[in-house]
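Please load the coordinates in your viewer and keep the sequence panel open beside them.

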Amino acid sequence: MKTTSGYSGIQISLHWLVAILIVVAWFTGEGGKAAMKVVEKGGTAGFVPHVAIGLAILALVVTRLLLRLGRGTPAAPGEPGSLAVLASDWGHRLIYLLMLAVPLGGLCTYFLGLDVGDLHELGANVLMVVILGHALMALYHQYVLKDGVLSRMMRPE
């Protein structure tokens, strides 16, 4: 993957928008469950915010991934190949995998009727824990190591 000196404005905007939508989707999950019960009984659920947010997350994450692959990202701070850099790289891969898999699981459950709702819920909870770890590491880098990692996601270069 290409590296750059910083993130673009669109990369930063998408990062924060997706982060907010993931939190909102997680908190509206019960509404998705209630809608599924209506659908399973043969009814129509109408507009379901949780489902709409999940579809938006999926579209925005695909956009983010394409931008990431095309434009590149700044290198992780630290010695290339070090444990810290490898953890950062694999942590980002895990986040992207979950940001794709969780909405796809919801899509398969809601639109295709596949029985993967429990897996979707587990994935969402794992995603929230991983994102919390990601946020804590960003704060650690910014305020303890003082290497400017968090500020890279605040202003475009």
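Is W26 buried, partly exposed or exposed? Select W26 to begin: its relative accessibility is 37%, so W26 counts as partly exposed. Please note throughout that this is a predicted model.

**Aromatic pairs**

The structure holds two aromatic pairs.

Next, select Y110 and F111. Their ring centres lie 5.1 Å apart with the planes at 90°, so this pair is edge-to-face. Y110 is buried, at a relative accessible area of 17%, whereas F111, at 48%, is partly exposed.

**A charge over a ring**

Now display W90 together with R93. The charged end of R93 sits over the ring of W90, at 4.5 Å from the ring centre.

**Helix 5**

Select residues 117-145, which form helix 5. From first C-alpha to last, these 29 residues reach 40 Å, close to the 42 Å expected at 1.5 Å a residue. Colour the buried residues of the helix, among them H120, L127, M128, V130 and H141. Which helices do the buried residues of helix 5 pack against? Show helix 1 (9-27), helix 3 (49-71), helix 4 (83-110) and helix 6 (149-152), for these are the packing partners. Just after helix 5, select K146, which takes a positive phi of about 55°.

**Salt bridges**

The last stop concerns charged side chains. Side chains of opposite charge can pair when their charged atoms come close. The count here comes to two salt bridges.

Select K33 and E30, whose side chains meet in a salt bridge at 3.5 Å, N to O. Both residues belong to helix 2 (residues 29-40), where a spacing of three residues separates them by about one helical turn. K33 is partly exposed, with a relative accessible area of 35%, while E30 is exposed at 56%.

E121 is partly exposed, at 33% relative accessibility. To conclude, keep E30, K33 and E121 selected together, as they are linked in a network of salt bridges.

Technical notes. Residues are numbered from 1 along each chain as its sequence is written. This is a predicted model: local features need pLDDT of at least 70, side-chain atom pairs count only at pLDDT 80 or more; totals for chains, interfaces and linings use all residues. Side-chain values use heavy atoms; hydrogens and water are left out. Rings of Phe, Tyr and Trp (its six-membered ring) pair if their centres lie within 6.5 Å; planes under 30 degrees apart count as stacked, over 60 as edge-to-face and the rest as tilted. Buried means under 20% relative accessible area, exposed over 50%, partly exposed in between (1.4 Å probe, protein chains only). A charge sits over a ring if NZ of Lys or CZ of Arg is within 6 Å of the ring centre and within 35 degrees of the ring normal. Helices (H or I, at least four residues) and strands (E, at least two) are DSSP runs, numbered from the N terminus. The expected span of a helix is 1.5 Å times one less than its number of residues. Contact means heavy atoms within 4.5 Å. A salt bridge is a side-chain nitrogen of Lys or Arg within 4 Å of a carboxyl oxygen of Asp or Glu.
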